[in-house]
Amino acid sequence: HEVLNALHAKCNAKPMAMDLLLSTSTNELRIWDVSAVVHESNEVDQEVNVPCLLCFHFAPNQGHLLSIAGNLEHVYLGFQSTNFYCLHLWQGWNKLMQAKTRTRTTRHYTFNVELAKKSCATAAGAYGAVPNGSSGSQKFCHHSLLEVLQTCQNRHMGFVHCTCYEATAAVVASGGGDGRIFFWTQQHQAICSFTHGGAVLALAACAKSKAIFSGDAHGRIRVWDSASVQHGSRAVLCAGG
């Protein structure tokens, strides 16, 4: 499938320190071990093996997985279906990697969004779903790792084209085809939402200035103060376009 987006994340936990690349396609999220590429010498003709460790499948009705942001603890995913999720990857990493697999490296999992919603509501984690190709001897509720962020009151009504995470203020932003930008806490509560003027197509964060940059389909660019939006303030530092 065509790669739509990618996110680089570094795992420093011993003894498995590695560099990971998370890539999105039509309805898949793949996680690659790119340590050999990052730390390889600059020899031009040398081939480097880049294994795919995990592949998460989503139902076709979710549409394209358009946007990704965050880190290994919280991976934020925006879909064509207008849904916005948080994957708690690090929370289940060991269990995910312990599962048996048909292939040499890749472990495949399929997410049932309805089970994920029910798991978020009950926090019971008692579904015992197993990954594709597993013998079933070791059950693991991978659905509970997927958290639905949006509610009826706080949700996008258009494609979730982009998302970003500002780590210093711990603020998450999502931009949609409905022309709105949402700001979320790291506890995944909606802080506030603002109308941008056009479909929000791009988001980026600057840790040094604690600013979040957004751009829409009409060419407008706005700069937001992430420290201020934590308190629900509009906090547009500047705008143009």
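Me: What makes two strands of this predicted model count as paired?
Reply: Two strands pair if DSSP finds at least two bridges between them. On that basis, 4 strands form an open sheet in the order 5-6-7-9, with antiparallel pairing.

Me: Why do strand 5 and strand 9 stand at the edges?
Reply: Strand 5 (65-70) and strand 9 (146-148) each have a single partner strand, so one side of each is left without a neighbour in the sheet. Neighbouring strands of this sheet are turned by 25° against each other on average, direction ignored.

Me: How do you know that strand 7 and strand 9 pair?
Reply: The criterion asks for at least two bridges. Strand 7 (residues 84-87) is joined to the antiparallel strand 9 by 3 bridges, and therefore the two strands pair. Leu87 has Leu146 of strand 9 as its bridge partner.

Me: Why is Gln62 called buried?
Reply: The term applies under 20% relative accessible area. Gln62 has 6% relative accessibility, so this residue counts as buried. Gln62 lies in the loop between strand 4 (52-57) and strand 5.

Me: Which residues does Gln62 touch, leaving aside those up to four places away in sequence?
Reply: These are Phe79, Gln80, Ser81, Asn83, Tyr85 and Val113.

Me: How much of the protein is buried?
Reply: Buried residues make up 45% of the 241 residues.

Key. Residues are numbered from 1 along each chain as its sequence is written. This is a predicted model: local features need pLDDT of at least 70, side-chain atom pairs count only at pLDDT 80 or more; totals for chains, interfaces and linings use all residues. Side-chain values use heavy atoms; hydrogens and water are left out. Axes are lines fitted to C-alpha atoms, for helices over the stretch in contact, and angles run from 0 to 180 degrees between N-to-C directions. Buried means under 20% relative accessible area, exposed over 50%, partly exposed in between (1.4 Å probe, protein chains only). Contact means heavy atoms within 4.5 Å.
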